Protein chains: 4
Amino acid sequence: MHGTGVPIATPFDDDGSIDDDALTDLVGWLEDAGIDFLVPCGSTGEAPLLTPDERVRVVETVAAATELPVVAGTGHEGFEPTLETTERAAGAGADAALVVTPSYYGSDDEELAAYYRDLADASPIPIYLYSVPKFTDHALSPDAAAALASHDNVAGIKDSSGSLESLQRLVRLTRGEEFSVLVGSGSVYAAGLAAGADGGVLAVANVAPEVASAIYRADRDDRPAAARSHNADLVELNRAVTSRYGVPGVKAVLALRDRPVGTPRRPLRPLEDDAVADLESILEETIDG
Amino acid sequence: MHGTGVPIATPFDDDGSIDDDALTDLVGWLEDAGIDFLVPCGSTGEAPLLTPDERVRVVETVAAATELPVVAGTGHEGFEPTLETTERAAGAGADAALVVTPSYYGSDDEELAAYYRDLADASPIPIYLYSVPKFTDHALSPDAAAALASHDNVAGIKDSSGSLESLQRLVRLTRGEEFSVLVGSGSVYAAGLAAGADGGVLAVANVAPEVASAIYRADRDDRPAAARSHNADLVELNRAVTSRYGVPGVKAVLALRDRPVGTPRRPLRPLEDDAVADLESILEETIDG
Amino acid sequence: MHGTGVPIATPFDDDGSIDDDALTDLVGWLEDAGIDFLVPCGSTGEAPLLTPDERVRVVETVAAATELPVVAGTGHEGFEPTLETTERAAGAGADAALVVTPSYYGSDDEELAAYYRDLADASPIPIYLYSVPKFTDHALSPDAAAALASHDNVAGIKDSSGSLESLQRLVRLTRGEEFSVLVGSGSVYAAGLAAGADGGVLAVANVAPEVASAIYRADRDDRPAAARSHNADLVELNRAVTSRYGVPGVKAVLALRDRPVGTPRRPLRPLEDDAVADLESILEETIDG
Amino acid sequence: MHGTGVPIATPFDDDGSIDDDALTDLVGWLEDAGIDFLVPCGSTGEAPLLTPDERVRVVETVAAATELPVVAGTGHEGFEPTLETTERAAGAGADAALVVTPSYYGSDDEELAAYYRDLADASPIPIYLYSVPKFTDHALSPDAAAALASHDNVAGIKDSSGSLESLQRLVRLTRGEEFSVLVGSGSVYAAGLAAGADGGVLAVANVAPEVASAIYRADRDDRPAAARSHNADLVELNRAVTSRYGVPGVKAVLALRDRPVGTPRRPLRPLEDDAVADLESILEETIDG
């Protein structure tokens, strides 16, 4: 996978059910903005708050709505549920699976490596590792990831640690392998690409797909200063929809961009008005600024 | 709920499927040892590693095998999946539901209180709060729990923080409410009961049900020194099957006690031989000592 | 060391200098309330905020004011500064030294064991280990502590983890050694004593010395239910002067008890009025209740 | 302050005392390698393991040995000790003071801001904020730092979080202020400079001063690709002397570079032979590669 991927938000209607129409519409809007692939059922897509059936339905809807590659988030805490969802996602049109590190029991790198190896052996579609310590409290080490890179069915990693050191080491340690290093944090997208990453999967790409795409294209066209400059424009908005307001922030900004996707599921909660006003001013600076 | 509950291990057969016969057999053995209620699909039962359908099946099997009360672990990360599993567990024979705090998105006490309130409103069976910071990285505060205690359909809490301060505060803050404080850490069972807790749900009760039950009975019969002494006997074994070796430790000790329940699911892994030998010697000291 | 020790607050005058008279007065008040030994320059005494010279002066003042044993907090981050302060404290009248685990560089148990061993070899007075994970982010394991217990010049441990499991294991693992297990958390004082601990060093003993002493005496006189009951009375006040309001809380309550000790040093800050009012009502419940 | 600063290692002789000659020699070697300023008594200089008198002596020796600017680490846990050491460091020749965030009592940004403001008011030399969450478990927020930037006597920040987001935000939020943003993590030096940082203070600059200096010069000469490339060369060595082997790693590599500085102070410990061999091979790749 190369380029800018979007861990697409999952729209809910007023009853709290998945809103397929809004999802299809969102896919089209993101495509028009120049993004390169779609990642339904990621953390931003509230995957942990969906039932397995709902996950499959989201993947189906996204796959039906686009010609772009689809990398479906299929990770649960356990091997069997993860394999089952991976198989169903493949059937629903996913080209690859993004599998978050299990975290409940505090697995270490050795346990995770065995888990991923078994999963890659069994999966009908390629596996992307997914390390997101903000949510799982464990960063998969670049060394552990690199040891998996030679597996035929391990296609890459989404590294959402926000650590440029980690991205640099991943690039260096997997050089020569068919293994995509995807940046998972909007603040280090340009820097990660400059260091050799293949693309990114960014929450902020939901709400500013044109800017995220511009970063990638500037890097590809050998204009790193332009990539950096676009990325600098994105830092506050990126922070707003990740560490500051999280998924509810993504959903609030999508509404501000005339792509309403409903409220997040519990235990997440919609933002208060002052947070929305804050987001509105950050958005204006980012898009018009 | 009063007395000693067991967060019963989930047996798997050689194919990795749920072993209903072994589960039924385990229920009987635990009942004979004097335990008071059963908690299928808890953390020790590898609930996060089961599919929703498997969870329901485990509850069904346990409920069919016993006349004791059944408190089913029904918590997922999101409200909708949790409510769905809770309803299905009720249909499968659960008398109440144990709902772990969602943790992926780092919810705070205010979000968790709203989540539990909505769930208690909707659930067909009473809800027990479940705080287990070792796994979720968040301890539900006694104040937040106490604020939920007046809800008709919130029946109590399993507090697995290991903190006697937390248990003391829970007892004090919920005095006068219909609200059971259940100790979730084997090392503070006697002390928690002496402080006014109503019972416990203890991983170690899987492997030493006779000792766990003896602690409760000694406390109830107003022999706190005996309760403390039984508990002191259990400290090393408790630590071995929790912080040291976890669920794989529980399963290894059950095999040593002639109740084989298969290996844990991935990403958990069976113990190495030296760990099993260590457990064997700890078990001998505990049961025979 | 046996009985109830007080990690005595360090009074400052209006200029921010150590107030020797207030300190002497506080020592006398605590003695009259029945406490058994004094611990100047602990965490509650703002030791990390004092210069080495000031630490020595505090020890001198306390030692001059009392016939009770004096255990001086002498730990810095490094071996050389710690040894120097330990030697000076011994010269100033300390009977033993309480040495907190260094934490800046994230030392593990093996490094800490070597550190303590070297220090005990060199120190003119016996060393008490001091584990306070709330401040240092590392709990010295009972196993590591027990391995040090046989050293002639290691006299015991203050365990402020709040974990009854840890206290139980320390008692069991050091049985037969000349090694005092001292409870460092007010919420588990009675339970720790019932489990075999030798005494305690409690922040809350600054502000409720009569209750802390009563807990110890009830345990010693084989009235564990009375010890537990006294301890239950202390839980809210203990929490208020530790996790909730910390050292500024201790100082505010001492003022309420007519033992003014000035404000805490920066970066600590005096409490706001509403926090003081909260403490006042908790104090009333505790002492008069 | 601009350019590359070195948080210079503190050499000890065989008795464990400060080795002034080795320190003077090290200063000269670093100067010859092109570094721009010196930072005695930082985390890499084992400042927390020195007595206050020793800190002053280290500053004196460094100031006497160089014409370059000297930024002395003067932070202790408390205001009074920190101010005292700052005044003494100024007297010993320091041009500015680097003050780490106090961490023992878990101060928040509001407390830290008040602390720094008071210190800047009182200090005879300009203050640099120093945020190093790896050691203190708290990252000073860019917002809190920016609010201090307008103070006449607050000169900048050393941000050792390793977060490029934090550096980007610091640059943006302090634009227009006389405030230097200094990169504290070797892995993000080039990226931080490209984002607008003024320089860096890097542990790795002790052992590869020529490479660290080359990164800065390439950036200044508008050759960002060269800066990035130099930085990529440094990633493994940087990691080796920080997260992997820490200060003992710095000291071991200095010996390999024929600048022996003795062993680290306890609780730190000299590296085992296999770690030194590992460092040797990483060093060879970095310097000759």
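This is a predicted model: local features need pLDDT of at least 70, side-chain atom pairs count only at pLDDT 80 or more; totals for chains, interfaces and linings use all residues.
**Cavity**

A search of the whole structure finds 1 cavity of 30 Å³ or more. The volume of this largest cavity is about 30 Å³. Its lining is formed by B:Phe37, B:Val39, B:Val71, B:Leu98, B:Tyr128, B:Lys158, B:Leu182 and B:Val201. By class, the lining holds 7 nonpolar residues, no polar residue and 1 charged residue.

**Helix pair in chain B**

In chain B, helix H9 spans residues 209-220 and helix H10 spans residues 224-244. The two axes come within 7 Å and cross at roughly 160 degrees. Angles over 145 degrees count as roughly antiparallel, and H9(B) and H10(B) are therefore roughly antiparallel to each other. The crossing of H9(B) and H10(B) is left-handed.

On the H9(B) side, the contact comprises B:Val211, B:Ala212, B:Ala214, B:Ile215, B:Ala218 and B:Asp219. These meet B:Pro224, B:Ala226, B:Ala227, B:His230, B:Asn231 and B:Leu234 in H10(B). The residues of this contact divide into 9 nonpolar, 2 polar and 1 charged.

**Helix pair in chain D**

In chain D, helix H9 covers residues 209-220 and helix H10 covers residues 224-244. H9(D) and H10(D) pack at an angle of about 160 degrees, with their axes 7 Å apart. The helices H9(D) and H10(D) are therefore roughly antiparallel to each other. H9(D) passes H10(D) in a left-handed crossing.

H9(D) contributes D:Val211, D:Ala212, D:Ala214, D:Ile215, D:Ala218 and D:Asp219 to the contact. Their partners in H10(D) are D:Pro224, D:Ala226, D:Ala227, D:His230, D:Asn231 and D:Leu234. The contact of H9(D) with H10(D) has 9 nonpolar, 2 polar and 1 charged residues.

| H9(B) with H10(B) | 9 residues | 2 residues | 1 residue |

**Chain pairs without contact**

No contact joins chain A and chain C, and the closest C-alpha atoms of these chains lie 16 Å apart. Chain B and chain D are likewise joined by no contact, with their closest C-alpha atoms 16 Å apart.

Methods: Residues are numbered from 1 along each chain as its sequence is written. Chains are lettered from A and ligands numbered from 1 in the order in which they are written. Side-chain values use heavy atoms; hydrogens and water are left out. On a 1 Å grid over the protein atoms alone, a cavity is a set of points where a 1.4 Å probe fits but cannot get out, and a pocket is an open set with protein on both sides within 12 Å along at least five of seven lines; lining residues have an atom within 4 Å of a point. Grid points are joined across faces, edges and corners, and a volume is the space filled by probe spheres set on the points. Ala, Val, Leu, Ile, Met, Phe, Trp, Tyr, Cys and Pro count as nonpolar, Asp, Glu, Lys and Arg as charged, and the others, Gly among them, as polar. Axes are lines fitted to C-alpha atoms, for helices over the stretch in contact, and angles run from 0 to 180 degrees between N-to-C directions. Helices (H or I, at least four residues) and strands (E, at least two) are DSSP runs, numbered from the N terminus. Angles under 35 degrees count as roughly parallel, over 145 as roughly antiparallel, 65 to 115 as roughly perpendicular and the rest as oblique. A crossing is left-handed if the near helix is turned anticlockwise from the far one by less than a right angle, and right-handed if clockwise. Contact means heavy atoms within 4.5 Å.
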